[in-house]
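The following report describes selected features of a protein model.

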2 protein chains.
Amino acid sequence: MRKPVDIPALAASLKAGERRALARAITLVESGRADHRADALALLDALGNDRQALRIGLSGTPGVGKSTFIEAFGLFLVEKGLKVAVLAVDPSSARSGGSILGDKTRMEHLSRHPQAFIRPSPSQAQMGGVARRTREAIALCEAAGYDVVLIETVGVGQSETMVAEMCDLFTLLLAPAGGDELQGVKRGIMEIADIILVNKADGDLKSQATRTCADYAGALRLLRKRPQDPESFPKAMTVSAYEGRGLPEAWDEMTALADWRKDHGHFAGRRAEQARYWFHEEVRLQLLERLQRDPVLAATLEAEETKLINGESTPTVAAANVLASFAGGTR
Amino acid sequence: MRKPVDIPALAASLKAGERRALARAITLVESGRADHRADALALLDALGNDRQALRIGLSGTPGVGKSTFIEAFGLFLVEKGLKVAVLAVDPSSARSGGSILGDKTRMEHLSRHPQAFIRPSPSQAQMGGVARRTREAIALCEAAGYDVVLIETVGVGQSETMVAEMCDLFTLLLAPAGGDELQGVKRGIMEIADIILVNKADGDLKSQATRTCADYAGALRLLRKRPQDPESFPKAMTVSAYEGRGLPEAWDEMTALADWRKDHGHFAGRRAEQARYWFHEEVRLQLLERLQRDPVLAATLEAEETKLINGESTPTVAAANVLASFAGGTR
């Protein structure tokens, strides 16, 4: 049916920076089909990982101006001569079939820029595959020679934590909050945010943005210093994506933080830690995929989970039962 | 060599509330030996899980008065007629061989009370086994008829997150902070804390404790409401473990929160979610144990991890290589 993928040719085109090759490679890693997975593995293996981008995670709830920010910040970066890739992580897509960044017109100038590559989240993702797809797409963008990879996510579920495990620094975008109005920052975000950007610091909202920024700066000071942070980090800043203000300053802080971490071994250390983390996740995921491909074992897994949720078993016993049938079929 | 464990007899003694049986059962689940593991599994299976305690996580850095608090709070609970078990989680024990709660004299009245059971963290824990041991020890305490299980941890590493995944509510103990002094609350703790208790609200520190409490109440208000929280939760309160003040109020808030969650389905829902989470963790852990027991596969795992950390591979490819040798040996 399908023409087999010429992996060496695809790898060469991708390394030469051809955007169509990159798009095709990402489609390949997004696929749930077993033959596509084998091709994806071969491609990743062929590409290696000798090129590094700065991986920046970006989170913010709808309404904070995330698209406007990415458009403005991305254009600022490409105008500096950098190649910028934007990837989206939508943890809900596995359920809803929805997609963020689906409408590239939200970033119409950036999406047409030859140094930029924007990839919406896939409309359908295999369960457990969102992290894998994003991680592999990042590796593809790096191999294609992008200097900065922005990984956008929405502030729901565990998506920020997941993105934080695959980026070098993490940025949280907020809108100004007035008076008693609560921002509703997702719990846990304080753990992973390196830079908080209070957007819309323009027009009527300017003084509110300054106050909101001060509130969060105060909250950040209540938290314990992390070893991977220089003095004055994590920090809160105001920006106006609409007016383009604060973007150079935000970029300066990002590069200052990345440089400090590189100088102090935290940059490479974090990447190694992340690689180890995802390696073990992958071993687990691939083992579970193998369990689930076996119809007898899949039935056992499901039956044990049901017993567990009904309070008729314990995790240890349920897992041992699953493993016992796995063992029975093999050695 | 060793007398085989009489599982039905041990289960019966434990269910009758014999403290020596409980202590022996916990020693069994702490063991890394394969035959002990088989016995532990049989015991957990025999005990079932029809009894439920209120599982309370308690975290706090050294110096906040954790032992004094547990002693005072535990005595307050046993005087109300409740049976109280205290377990300690020391994530560092896998490395250092150290132990928290090792000195029971820190809680000399509680440790001698017939309705109380205090178990220090094991001095040596298998890697990845800290969570399993604690989870299984909780199950054993519940089967032994304890009404409240306090799970104490120190504010380092991922121990709080782990404990939060096995308790019904999570309490953070803080000391009063003066002026510009920073508390250094571990990032991420705000995500999981249901109740923040500012201890040492007595004598000279009383007004400082009140101010610290107000600071944290303010910080909590900046965070998004969680569905499992009634109005006014999470909350910050002052206590004095030394004078015994605030302990009845803290208990009232804990039971009010637990009752609200029970009434709204969040209590059982959270337990089911936790069971599912640990089930999948256990499947992974047991699969990895099986991988590691096989010397050829263990060597592959280690070699792939080394290549990965040296930047010579990617998580997906490394995991696929491990799984390929696993597959080669089986079907």
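## Relation of the two chains

In this predicted model, chain A is superposed on chain B by a rotation of 180° with 0.0 Å of shift along the axis, at an RMSD of 0.0 Å. This relation is therefore that of a two-fold axis. Both copies use the same surface, since 100% of the contact residues of chain A recur in chain B.

Chain B contains an open sheet of seven strands with parallel pairing, in the order β3-β2-β4-β1-β5-β6-β7. Its edge strands are β3 and β7 (235-238) of chain B, each of which pairs on one side only. On average, neighbouring strands of the sheet are turned by 20° against each other, with direction ignored.

Within this order, strand β1 (residues 54-59) of chain B pairs with strand β5 (residues 169-174) of chain B in the parallel sense over four bridges. In this pairing, the residue opposite L58(B) is T171(B) in β5(B). Helix α10 (residues 206-221) of chain B lies across β5, β6 (195-198) and β7 of chain B. The helix runs at about 175° to β7(B).

## Strand β2 of chain B

Strand β2 (residues 84-89) of chain B is mostly covered, six of its six residues being buried. In a regular strand, side chains alternate between the two faces of the sheet. In β2(B), V84(B), V86(B) and A88(B) point one way, whereas A85(B), L87(B) and V89(B) point the other way. All of these residues are buried, whichever way they point.

Two strands pair with β2(B), and each pairing is described here in turn. With strand β3 (residues 116-119) of chain B, β2(B) pairs in the parallel sense over four bridges; here R119(B) in β3(B) is the bridge partner of L87(B). With strand β4 (residues 148-153) of chain B, the pairing of β2(B) is also parallel and extends over six bridges. T153(B) in β4(B) stands opposite V89(B).

Which residues does E282(B) touch, not counting residues up to four places away in sequence? E282(B) lies in helix α12 (residues 266-293) of chain B, and its contacts include residues from both chains: P315(A), T316(A) and A319(A), together with R132(B) and R135(B). The side chains of E282(B) and R132(B) are joined by a polar contact of 2.8 Å.

E282(B) has a relative accessible area of 1%. Because buried means under 20% relative accessible area, E282(B) is classed as buried.

Is S31(A) buried or exposed? S31(A) is located in the loop between α2 (19-30) and α3 (34-47) of chain A. Its relative accessibility is 17%, so S31(A) counts as buried.

Not counting residues up to four places away in sequence, S31(A) touches H36(A) and R37(A). With H36(A) there is also a polar contact, made between the two side chains at 2.5 Å. G129(A) is 98 residues from S31(A) along the chain, and the C-alpha atoms of these two residues are separated by 9.4 Å.

Conventions
Residues are numbered from 1 along each chain as its sequence is written. Chains are lettered from A and ligands numbered from 1 in the order in which they are written. This is a predicted model: local features need pLDDT of at least 70, side-chain atom pairs count only at pLDDT 80 or more; totals for chains, interfaces and linings use all residues. Side-chain values use heavy atoms; hydrogens and water are left out. Buried means under 20% relative accessible area, exposed over 50%, partly exposed in between (1.4 Å probe, protein chains only). Contact means heavy atoms within 4.5 Å. A polar contact is a pair of N or O atoms within 3.5 Å; within protein, one must be able to donate a hydrogen and the other to accept it, and residues adjacent in sequence count only if both atoms are side-chain atoms. Two strands pair if DSSP finds at least two bridges between them. Copies are superposed by least squares on the C-alpha atoms of residues with pLDDT of at least 70 in both. Axes are lines fitted to C-alpha atoms, for helices over the stretch in contact, and angles run from 0 to 180 degrees between N-to-C directions.
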